[in-house]
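Look over the sequence and the model, then read on.

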Amino acid sequence: VSGIEEGRVAYDNIRKVICLLVSTGAAELVLIVLSLATGLPLPLLPVQLLWLNLVTNGIQDVALAFEPGEGDSLLKKPRPTKERIFNRIMVERTIVAALTMGIVSIGFFYYLIHNGWSEGNARNALLLLMVLFENVHIGNCRSETKSAFVLSPFKSPMLLAGAVAALLIHVAAMYLPLGQELLGTEPVSLETWGIVASIALTIFVMMELQKLAWWLRKKPA
């Protein structure tokens with residue numbers, strides 16, 4: 001019985017990591033495609049995209065892989081043997097997350113460019129937004145159906161430490177000369193921090209709405 005439970009938890013964690021990686025990667029793709037379609041400058045440089053995927057996101061997905069079980073693994077029905085990892089709920093969650101982060105990000109970048117920000121400063125703020133998006137979204141990915149409000153971050157200390165470490169590494173890159181030279185980053189004002197952090201919460205709101213919509217559809221009549 002314990003082996004079955006551990007197997008289900010491991011399988012669930014694989015799905016959570018895939019959801020995080022694919023949705024954030026797809027969001028970057030949406031961002032780049034929309035920037036090309038609207039004639040905007042390139043919103044993120046190649047080295048900045050590598051930074052997002054290999055460094056900040058890399059720390060988070062490793063931490064998410066060690067997420068403890070949600071407590072109801074043995075209460076779920078066995079999954080169909082032919083069910084794919086990308087089943088309906090996974091596809092739906094990935095699309096909602098990718099479109100939310102991609103569209104909100106391009107809107108933010110458009111606003112900055114058309115309000116006098118230089119391309120470098122706008123990219124710096126957008127890169128910070130993407131890092132915060134990832135940090136918020138990792139909380140969404142802890143469960144496919146349960147609200148993030150019922151999942152204490154302290155239940156998974158490794159995940160909490162990974163999210164904090166990813167953010168601190170990026171903050172260090174904003175302040176240290178080496179990070180500034182490689183990534184084109186720079187410190188931002190407290191006002192910008194507040195605005196960017198508030199915008200990053202849109203992914204939390206959208207994923208909570210998606211979970212609610214899924215629960216209402218699956219709720220017994």
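The largest pocket has a volume of about 700 Å³. This is a predicted model, in which local features need pLDDT of at least 70, side-chain atom pairs count only at pLDDT 80 or more, and totals for chains, interfaces and linings use all residues. Residues are numbered from 1 along each chain as its sequence is written, and side-chain values use heavy atoms, with hydrogens and water left out.

**Largest pocket**
- Lining this pocket are 23 residues, and Lys76, Arg79, Glu83, Asn87 and Glu144 are the closest to its centre.
- Helix 1, helix 3 and helix 8 (202-218) each give two or more residues to the lining of the largest pocket. Helices (H or I, at least four residues) are DSSP runs, numbered from the N terminus.
- Helix 1 supplies the largest share of that lining, 7 residues.
- By class, the lining has 12 charged, 6 nonpolar and 5 polar residues. Ala, Val, Leu, Ile, Met, Phe, Trp, Tyr, Cys and Pro count as nonpolar, Asp, Glu, Lys and Arg as charged, and the others, Gly among them, as polar.
- On a 1 Å grid over the protein atoms alone, a pocket is an open set of points with protein on both sides within 12 Å along at least five of seven lines; a cavity is a set where a 1.4 Å probe fits but cannot get out; lining residues have an atom within 4 Å of a point.
- Grid points are joined across faces, edges and corners, and a volume is the space filled by probe spheres set on the points.

**Second largest pocket**
- About 310 Å³ of space lies here.
- Of its 16 lining residues, Asn135, Ile138, Gly139, Pro153 and Leu160 lie nearest the centre.
- Helix 4 (119-140) and helix 5 (157-175) each give two or more residues to this lining.
- The lining has 11 nonpolar, 4 polar and 1 charged residues.

**Cavities**
- There are 2 cavities of 30 Å³ or more.
- The largest cavity has a volume of about 40 Å³.
- Arg15, Lys16, Cys19, Met90, Arg93, Cys141 and Glu144 line the largest cavity.
- Helix 1 gives the most to the lining of the largest cavity, with 3 residues.
- The second largest cavity, about 30 Å³ in volume, is lined by Glu67, Pro68, Gly69, Glu70, Arg142, Leu151 and Lys155.

**Partly exposed residue**
- Ile95 lies in helix 3.
- Ile95 counts as partly exposed because its relative accessibility is 45%. Buried means under 20% relative accessible area, exposed over 50%, partly exposed in between (1.4 Å probe, protein chains only).
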